[in-house]
Amino acid sequence: MASMTTPRLPFLPARTCSAAAAFSSLSSSPLQCCPVKRTSVTNANSAPLLSTSRPGAPAADGVGAADLNRLRASAMPVADSPLPAYCNPHELPRPLTSAALMESSGEGLKVAYQGFPGAYSESAAKKAYPHCQTVPCEHFDTAFQAVENCTVDRAVLSLENTLGGSIHRNYDLLLRHELHIVGDVRLAVRHCLLANRGVKIGNLRSVMSHPQALAQCEHTLTELGIEQRQAVDDTAGAAKLVTEQMLQDTGAVASSLAAELYGLDILAENIQDEKENVTRFMMLAREPIVPQIDKPFKTSIVFSLEDWKPAQLLKALAIFALRDINLTKIESRPHKKRPFRVADDTFSTPVKYFNYLFYVDLEASMADPKTLKALGNLEEFAPFVRVLGSYPTDVSEV
């Protein structure tokens, strides 16, 4: 397939333009997962974008490619660039978006979540937007599509859990859909054992819930003498089934809100095996918010490394270390469009290895010039880079 030109990340020296303008240029043309030509591209709605330097040329902030190959311990200081005069209207900062101006309480917002009413995701949506109208969706993909189609304004979807780990499906959907992460919210998950009125724990022979919820309560359920497990798609859906089918020997693992909604008794509370059970949810919107530096921000990116030379991933991560940018999460997922890479000709028979995309969370804001410089440096040798969102991170108690 012939290579295609892909819009590039903005690589802007300090004070060249506002951070809002730089970030909006990232959002106006999401990068696609395809081969790229190393050519200069200009976005008509933003300031000029990065022209990739020739191999070995110094990066604009003084850290050259050769320096990264030797993994230098520190970067060279850079003088501030003078503020240029705007030469055409397309270089002016774009206006604030509705995502940036929306009330944090969520008044008037429709917010999608995955599951039935009473799901933990609904509680997370209410924590993120206290006065919103929640909209249940059967599948994660349905929630993504609902935001894209303007059926709802936001989606609040699970991303990772302290016990169960990452929700891999949602990482894959982030790449498939062109939505933006505009925030995250943490929710303490407190599982309850629910049953129909009058049913006692001794009457229960089985319990149903989402597979992760069952796994998180495995030892406690065994101690209670409940041996059989039934996996369903949703914790609140399990509570709904127990009520609708009037089951007398089967309970559900779900939230106290689900018990209230479906008229079930709570036979036991906080039955998860580990008491610290927290899920992090992402808040998705059609438009990005304008990043700031006056509060804790996180920036989520995804990139690929097609040219598998030794220490390529280390060099990619060193770009952030050289600028004192902390990484809070690294997640690798198989590259579905290019699932294999071929090893060099060291062996008589070519060897195919899995090829990966890397999802990384940075403890940084796109309003910080050093973040833009780091991503510009990364793009010099990463054929695909996409910013998934730059957003305030939840620091509240759970």
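Since the model is predicted, local features need pLDDT of at least 70 and side-chain atom pairs count only at pLDDT 80 or more, while totals for chains, interfaces and linings use all residues. Residues are numbered from 1 along each chain as its sequence is written, and side-chain values use heavy atoms, with hydrogens and water left out.

Start with the sheet that runs β8-β7-β9-β6-β10, an open one of 5 strands with mixed pairing. Strands here are DSSP runs of E with at least two residues, helices are runs of H or I with at least four, and both are numbered from the N terminus. Two strands pair if DSSP finds at least two bridges between them. At the edges stand β8 (228-231) and β10 (265-269); each has a single partner strand, so one side of each is left without a neighbour in the sheet. From one strand to the next, the twist averages 30 degrees. Angles like this one come from axes, which are lines fitted to C-alpha atoms (for helices, over the stretch in contact), and they run from 0 to 180 degrees between N-to-C directions. Strand β6 (residues 192-195) pairs with β10 in the antiparallel sense, over 4 bridges, and Ala195 has Asp265 in β10 as its bridge partner. Helix α9 (residues 235-244) packs on this sheet and touches β6, β7 (206-209) and β9 (250-254), where contact means heavy atoms within 4.5 Å. The direction of α9 makes about 155 degrees with that of β9.

Next comes an open sheet of 4 strands, ordered β13-β16-β12-β17, with antiparallel pairing. Its edges are β13 (327-334) and β17 (384-392), each with a single partner strand, so one side of each has no neighbour in the sheet. Neighbouring strands here are turned by 15 degrees against each other on average, direction ignored. Strands β12 (residues 297-304) and β16 (residues 356-362) run antiparallel and are joined by 6 bridges, and Ser304 stands opposite Leu357 in β16. Helix α6 (residues 168-176) packs on this sheet, touching β12, β13, β16 and β17, and its direction makes about 85 degrees with that of β13.

What about aromatic rings? Rings of Phe, Tyr and Trp (its six-membered ring) pair if their centres lie within 6.5 Å; planes under 30 degrees apart count as stacked, over 60 as edge-to-face and the rest as tilted. The count comes to 2 aromatic pairs. In one of them, Tyr171 and Tyr359 have ring centres 5.1 Å apart and planes at 75 degrees, so the pair is edge-to-face. Tyr171 lies in helix α6 and Tyr359 in strand β16, so the pair ties together parts that are 188 residues apart in sequence.

Tyr171 and Tyr359 turn up again in the lining of the second largest cavity, along with residues including Leu159, Arg280 and Leu388. On a 1 Å grid over the protein atoms alone, a cavity is a set of points where a 1.4 Å probe fits but cannot get out, and a pocket is an open set with protein on both sides within 12 Å along at least five of seven lines; lining residues have an atom within 4 Å of a point. The second largest cavity has a volume of about 70 Å³, and β16 gives the most to its lining, with 3 residues.

The second largest pocket is lined by 21 residues, and Gln114, Phe140, Ser158, His210 and Gln212 lie nearest its centre. Helix α7 (211-216) gives the most to this lining, with 3 residues.

Note on methods
Grid points are joined across faces, edges and corners, and a volume is the space filled by probe spheres set on the points.
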